[in-house]
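Q: I would like to learn how to read strands, loops and a ligand shell from a model. Please start once the structure is shown.

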Amino acid sequence: MTHSDTANNTVEGSKNLLTDGIQVGPAKSDHFGGLNIPQENEFSVRSALLDDAVIMESIEREAFPGVIPLSRISRDITRNNGLYLNAVRRWRLDEKNFKSRLMIATKAEKEDSRFLARVRRSVNQYFLDYINPPRLPPDYIAGFVGLWFVLNEAHVVVIGLREVDRRKGVGELLFISAIEQALVNNSKVVTLEVRRSNDVAIELYRKYGFQKVGLRIRYYSDNGEDAVIMTTPPIQNDDFKDHLFNLTKQHAEKWGWVGRPGYSGPMNTGA
Ligand SMILES: CC(C)(COP(=O)(O)OP(=O)(O)OC[C@H]1O[C@@H](n2cnc3c(N)ncnc32)[C@H](O)[C@@H]1OP(=O)(O)O)[C@@H](O)C(=O)NCCC(=O)NCCS
């Protein structure tokens, strides 16, 4: 299966997204019109599978260190009104030790040099990986975005990446895919909450037209930080779609085109 095939597989996963009411599918065909970029990004975006949960939970620990997750990814993937999208690429040869629990560990867990951590890694490598190898997904996952669809809103509940995969356009491609899926599902706006201090994420959201519309005071229980509430203008308006199209085009020109739900490459759009 090619990456494009994977990205185009609209109903693969732990639930049937189409029959469960959330559509993963073509964004409006005009959204992709005029794109003719030959270079393909090594990453593509596909909907999350149940087998992905163990890696996604590890990515969540890495992206939000010290924060106790509000919910379990394995349960959220199967939410009727939820959609989780993963940025994936083929495993590289040197990563292909599928048995290893090291693939599940976060960067900090891999680099922990304390005695007990080293013992744990040895037990994993020489014993647990051998007798009970962990079940890993078919491809390497760099990060994911989670959306909930509530009434006319699409709410971004989480977006996070492995540290090593940041600053390469992958977060942005996940965000583009999330907004496209909000369009497909006829949402009127996309909303989210973000820590007040998270300048990197706020910069990404602003780029896509999100504006600050309020604060939730002391929203985050781990450090009492405020959440900034951000929302898009109406996404079904032509102005917003044009803005999204231009940013998607710039992203493709910079990073290569990305196979994702509704888009399997320039050859397949008639562009
Ligand atoms: C936020 C996050 C998903 C961004 O992903 P990323 O792949 O590193 O970002 P990209 O390379 O796709 O960059 C896209 C845009 O994000 C913003 N951005 C990303 N990194 C930035 C940085 N270090 N400083 C300022 N802006 C940054 C910019 O607007 C950038 O666009 P540009 O390239 O035109 O400047 C990633 O940093 C992450 O996982 N952080 C930890 C988890 C987190 O904070 N999630 C958000 C919770 S609400």
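**Reading strands, loops and the shell**

A: In the hairpin formed by β3 and β4, two residues lie between the strands, and Leu151 there takes a positive phi near 50 degrees. Strands (E, at least two residues) and helices (H or I, at least four) are DSSP runs numbered from the N terminus. This is a predicted model, in which local features need pLDDT of at least 70 and side-chain atom pairs count only at pLDDT 80 or more, while totals for chains, interfaces and linings use all residues. Residues are numbered from 1 along each chain as its sequence is written.

Q: How many bridges join β3 to β4, and in which sense do the strands run?
A: Two strands pair if DSSP finds at least two bridges between them. Here β3 (residues 140-150) and β4 (residues 153-161) run antiparallel and are joined by eight bridges. Val150 stands opposite Glu153 in β4.

Q: What is the general rule for side chains in a strand?
A: In a regular strand they alternate between the two faces of the sheet.

Q: In which sense do β4 and β5 pair?
A: The pairing of β4 with β5 (residues 189-195) is parallel, over four bridges. His155 has Thr191 in β5 as its bridge partner. From β4 the chain crosses through helix α6 (residues 170-184) to β5, a right-handed β-α-β crossover. Right-handed means that, with the strands pointing away from the viewer, the path from the first strand over the helix to the second runs clockwise.

Q: Where is Arg167, and is Arg167 buried or exposed?
A: A residue is buried if 20 or more other C-beta atoms lie within 10 Å of its own, exposed if 12 or fewer, and partly exposed in between, with C-beta atoms placed from the backbone. Arg167 sits in the loop between β4 and α6. It counts as exposed because it has 10 C-beta neighbours inside 10 Å. Although not a glycine, Arg167 has a positive phi of about 65 degrees.

Q: Which residues are closest to the ligand?
A: A residue is near a molecule if its C-beta atom, placed from the backbone, lies within 6 Å of it. The ligand is surrounded by 19 residues, the closest being Arg166, Gly171, Glu172, Glu203 and Leu204. The elements giving two or more residues to this shell are β4, α6 and α7 (199-207). The largest share, five residues, comes from α7.
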